[in-house]
Amino acid sequence: MSHKKELLEIYGALLACFGHRGWWPGAESPFEVVIGALLAQNVAWANAKQAVDNLKAAGLMSPEKLYAAHAEEIAPLIRPSRFYNMKTIKIKDFMRFFNDEYDLDMGGMAREEPGVLRKKLLGVKGLGKETADTILCYACDMPVFVVDAYTKRIFARYGIISPGAEYDEIQAVFMSNLPEDVVLYNDFHAQIVHLGNAVCKTDPVCDRCPLCRTCDRRRD
Ligand code: SF4
């Protein structure tokens with residue numbers, strides 16, 4: 001079943017209501033996006049941002065500096081992102097991969113074929129599909145749609161996907177129905193995160209939702 005028109009209308013309604021989200025929030029470089037994506041796993045963005053700011057203030061937000069930094073130096077700085085010991089290991093693992101495969105060069109990584117890069121990223125320990133796709137879309141400007149818990153909740157409630165749908169199935173709904181457009185994918189996912197965070201919460205506030213006229217699960 002085609003959802004092309006419906007998805008574009010949903011995006012249009014979100015954009016009209018919330019405005020362009022301008023993602024990735026506050027990032028000064030693609031490398032910062034990668035590190036932000038690793039730190040944002042399982043935590044609110046405000047916590048991840050504090051950890052990003054600490055790394056920047058310590059002068060470690062560059063591929064060479066972060067690659068050379070010891071775990072003992074990184075861990076206390078990223079403490080606000082929670083699970084900081086585990087995330088320190090993830091950062092070290094990613095930096096090793098980034099050095100071995102791309103010589104710490106974001107341009108080189110971004111020139112990789114998207115399918116090849118995705119496969120390689122998924123081979124890095126602790127790096128799942130959502131984080132890999134976030135790096136592809138937001139750090140490498142590749143047309144890959146990011147799926148997260150908000151996407152699952154909102155689009156299951158809306159009636160476009162089934163409640164038990166898995167990552168690949170949900171991603172295929174977006175990527176097979178929308179034009180292959182990184183600008184659209186970038187902002188659509190950002191809109192979804194904002195809607196899930198502010199409106200379509202665990203307890204949804206449907207009367208404030210820009211999708212309330214067409215959503216299956218709206219509360220009357
Ligand atoms: S109308 Fe309600 S359930 Fe539907 S997307 Fe909006 S907030 Fe979520």
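**Ligand surroundings and domain interface**

In this predicted model, the ligand is surrounded by Arg157, Cys200, Pro204, Cys206, Cys209, Cys212, Cys215, Arg217 and Arg218 (each with a heavy atom within 4 Å of it). This shell comprises six nonpolar residues, no polar ones and three charged ones, with Cys and Pro counted as nonpolar and Arg as charged. Residues are numbered from 1 along each chain as its sequence is written. Local features need pLDDT of at least 70 and side-chain atom pairs pLDDT 80 or more, whereas totals for chains, interfaces and linings use all residues, and side-chain values rest on heavy atoms, without hydrogens and water.

The protein chain is divided into domain 1 (4–22 + 145–208) and domain 2 (30–139), with bounds from an automatic or database domain assignment. Their centres, taken over C-alpha atoms, are 25 Å apart. Twelve residues of domain 1 contact seven residues of domain 2 (heavy atoms within 4.5 Å). About 740 Å² is buried between the two domains, 56% of it from carbon and sulfur atoms (accessible area, 1.4 Å probe, lost on putting the two parts together and summed over both). Val146, Tyr167 and Asn186 supply 53% of the area that domain 1 buries against domain 2, more than any other three residues.

One salt bridge is counted between the domains (a side-chain nitrogen of Lys or Arg within 4 Å of a carboxyl oxygen of Asp or Glu). The side chains of Lys129 and Asp168 form a salt bridge at 3.0 Å, N to O.
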